[in-house]
There are 2 protein chains.
Amino acid sequence: MGWGDLGVYGEPSRETPNLDQMATEGMLFPNFYTANPLCSPSRAALLTGRLPIRSGFYTTNGHARNAYTPQEIVGGIPDSELLLPALLKGAGYASKIVGKWHLGHRPQFHPLKHGFDEWFGSPNCHFGPYDNKARPNIPVYRDQEMVGRFYEEFPINLKTGEANLTQIYLQEALEFIQRQQAAHRPFFLYWAVDATHAPVYASKPFLGTSQRGRYGDAIRELDDSVGRILRLLQDLGIAENTFVFFTSDNGAALISAPRQGGSNGPFLCGKQTTFEGGMREPAIAWWPGHIPAGQVSHQLGSIMDLFTTSLSLAGLEPPRDRAIDGLDLLPAMLQGRLTDRPIFYYRGNTLMAVTLGQYKAHFWTWTNSWEEFKQGIDFCPGQNVSGVTTHSQEEHTKLPLIFHLGRDPGERFPLSIASIEYLDALRRITPVVQQHQEALVPGQPQLNVCNRAVMELGLGCILIRKRGKLPGPTVCTSYALEYGKAELEIQRDALEPGQKVVVVDDLLATGGTMCAACELLGQLQAEVLECVSLVELTSLKGREKLGAVPFFSLLQYE
Amino acid sequence: MGWGDLGVYGEPSRETPNLDQMATEGMLFPNFYTANPLCSPSRAALLTGRLPIRSGFYTTNGHARNAYTPQEIVGGIPDSELLLPALLKGAGYASKIVGKWHLGHRPQFHPLKHGFDEWFGSPNCHFGPYDNKARPNIPVYRDQEMVGRFYEEFPINLKTGEANLTQIYLQEALEFIQRQQAAHRPFFLYWAVDATHAPVYASKPFLGTSQRGRYGDAIRELDDSVGRILRLLQDLGIAENTFVFFTSDNGAALISAPRQGGSNGPFLCGKQTTFEGGMREPAIAWWPGHIPAGQVSHQLGSIMDLFTTSLSLAGLEPPRDRAIDGLDLLPAMLQGRLTDRPIFYYRGNTLMAVTLGQYKAHFWTWTNSWEEFKQGIDFCPGQNVSGVTTHSQEEHTKLPLIFHLGRDPGERFPLSIASIEYLDALRRITPVVQQHQEALVPGQPQLNVCNRAVMELGLGCILIRKRGKLPGPTVCTSYALEYGKAELEIQRDALEPGQKVVVVDDLLATGGTMCAACELLGQLQAEVLECVSLVELTSLKGREKLGAVPFFSLLQYE
């Protein structure tokens, strides 16, 4: 959903009376951000309070490449990450997730393995349709049990847009709240609905009711549902004891516009980009009797703050053994205090931009590739800011493009690099970014797409790459090729000591690369079970270089 | 000011608490339009309830050419137009205009000649600076008397942006209201301030206080002033007896962005264009105890409706002897009733587009010329919708570009002309436009820029043009050239019978054109005093063809 999709954020059709009312009774954050312009990483950030680069919710498959968890991805939320529901257990909270999980679809990654007590929903997004064989429709779970699939037991009519899912999700939410209230148990409900994701859907009473088409129908149903949840809290007399926060995981997907895409208001581009349209989100806090009604907070907020704030509300401290990026928003909400803090904009493992105060600096600009763009895939339809909405990845790390977001929220007029204002802004931003990057320990990447065979076996996949391609601390080795010299790198924390590894390459020639890979793995104390290649040039005797390590090739060539 | 400049319309800095509060206590119109993307015509429309094409507030100097009243313009609001303050006199209302008039700067056009009882402000906009000789600074009047000039007696510091004007205008407003209330006189106050027009200004207490730069400072001061006016009405106990409406005359001027230009929210382009960004305006109605608080009306509204609505509030009928385009908004405001009506978008004398319901059809698309664009003048910075934001005038009168403004408020995705939706929309729009155009009687154009000598004499200027170039009913004549045939036209209502005319052309050759012009003027019963040309080709004896009409040429060539 986009920043501009709510009436209170200026959507002209003004079809969100319940969310607008929530803002009237609560606090509106116009400067609130998700942690990534795509779903899975944002949701990991929400539940861990950490940037996706720390929790491993990124890919090293390409530079500045977005990634999430389609069925092909075997990664997921690592056991080493501490999720909000698990921590809230320490204060006696019952936790339920309703809707889209998106932190890994293999059983070990499911919500109930990571602190939730209940789950009704799907591991991935509902889009499709699939052929139900090689790529089955996305399953729907109740707790650990699969209870059906989208388009089958849980129908979504792609032609009419009719689906009853939001109503089902609403009932799940209402029932959970009622049950906890009856048991006098504190609770954490993560209501993660996905009706506004293409293919957009709504239930029959809402279909065709919006001035905005089917996307608006879906928004109206979400708005109505939020209203019903808030009303239930009031009816049960627990409104003053329940903190509610509304936000979204990424900006509206303009590639789906105008029929299935929403609005990012005055902001540039949308989902998948690190312009404001991709990452600035609607955000409303509601806690009657505590948060003063009808206020606006200019605190730079992040979806990760919900982690820290929720812990704070439960009287808990955030974990001290790891970097936490979330801020406690209670001072902003209860005392109107503002805290100076940066907002980091990542795509994959690349720090694209940072906002500090009113200034946003872009170190890299990119919408999407020329190849995609030529095929009609456009992340910024109708928008074209010369030198800013670039179709190739443009580096500005030495002299970032800097915008003043107050005067220029649409990122159309970069400050002149000769201006005093530019130099002042850069002087403030540089040390903050340096500190962030020096202290950063990237997690093991969870969202790499590897060889299909590996993927189907459900095994993990670690990349060994040429020097300079991998983020974070690495281990490096240099070796001789038959035609020169090369250096290979692996991330230092990619493997645990003793982990078993098969090394895969396309070609074995003199064996230098394969051997260097084994050496790197040895440095990490991994156990190399076997090396394999597609083609082996037998006359070059690379196999001999591998010594005792078993080697297998599919094709041999003299 | 732009649609997106108010917090309640989604401006992220949310710096208009008084206007937002006005909306909370009153009614917000998200679909409200001015009558022209430029100042003078919009203001004429507001006060006459008529499209500028009817009142003559347009130019025939060029196709789709915007025009206003700079110092060079000798035209103004015709005596034949009935202005709101003059009509309100019939119900005993005292009227005052504070600020920018813009309906003609020659004495006969001044506000007090057209129904206002009081005036404090300027005939034109404050921009400059001028050299104070050939082009003096704009004068400031109190009633009929000039009391100083901008930048002189009424300083505007171009460097710091400091000017006390809004505070002066505010005091004028407050004092007028107090005086009328003390005298128990009904009143009409037209508070037409211009602080957000480049060069943007604010008074010292507001300078530097906005997150949006100097433009935001100006907005904050306007917002504060509106709050003080509303508070006075409440303090005097006349709030429930006073109807207040806030709107603007055109969208934010994006050519002045980011330092002096505002925001048109999610809409395309800005001032000077007939895209939504140029003509959709913020609009709030406030009348405590009558208009229900916190409501949104989806009525398609127009600045011209303020004419008709104001008359209705005063118990008066709009004039019946002329076409009135304004609608009475009281049914929409008091009973929530919606009236189906078209919104016409003109540039000069060209009908560029029309909105009916959710559908907007563009008959012509144009931002600004390639020549201007290449010089860096851009009415749509950062926006580029292929085939829509065109730099040449593109005609679509046969198959208009149609947008669904609900799904696509940013006018980025024209409907496919092969779709049923397109055909349905076109079928509804076509008869409405036909009826409008058939019944239209354009007024005599007031905003033509003519020969400088004529302008300096302060005389009117009528164009005689080739066939098909003039709007409305015309008189035509055909005549022989030395190298073929030609047709000339004049607007039928361009002159009154007996009006004295000098005919001016660049060249007199065989005299055919000059003679045809005299014939046309004869048809309109004008009195041709003399014909003049710059160059006369004496050997062709054109002079003889003119018979008794005196002729004068500056240069003669054998």
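1. Asp321(B) is exposed at 58% relative accessibility (exposed means over 50% relative accessible area, buried under 20%, partly exposed in between; 1.4 Å probe, protein chains only). Its salt-bridge partner is Arg322(B), with the closest N and O atoms 2.8 Å apart (a side-chain nitrogen of Lys or Arg within 4 Å of a carboxyl oxygen of Asp or Glu).

2. This is a predicted model, in which local features need pLDDT of at least 70 and side-chain atom pairs pLDDT 80 or more, while totals for chains, interfaces and linings use all residues. Residues are numbered from 1 along each chain as its sequence is written, chains are lettered from A and ligands numbered from 1 in the order written, and side-chain values use heavy atoms, without hydrogens and water.

3. Over all chains there are 48 salt bridges. A network of them links Lys96(A), Glu118(A), Arg142(A), Glu172(A), Glu175(A) and Arg179(A).

4. Glu81(B) and Arg50(B) form a salt bridge through their side chains (2.8 Å, N to O). Glu81(B) lies in the loop between helices H3 (52-55) and H4 (84-88) of chain B, and Arg50(B) in the loop between H2 (39-48) and H3, so the pair ties together parts 31 residues apart in sequence (helices are DSSP runs of H or I, at least four residues, numbered from the N terminus). Glu81(B) is buried at 7%, and Arg50(B) is buried at 9%.

5. Chain A can be laid on chain B by a turn of 180° and a shift of 0.1 Å along the axis, with an RMSD of 0.2 Å (least squares on C-alpha atoms of residues with pLDDT of at least 70 in both). That is the relation of a two-fold axis.

Notes:
Helix = DSSP H or I, 4+ residues; strand = E, 2+ residues; numbered from the N terminus.
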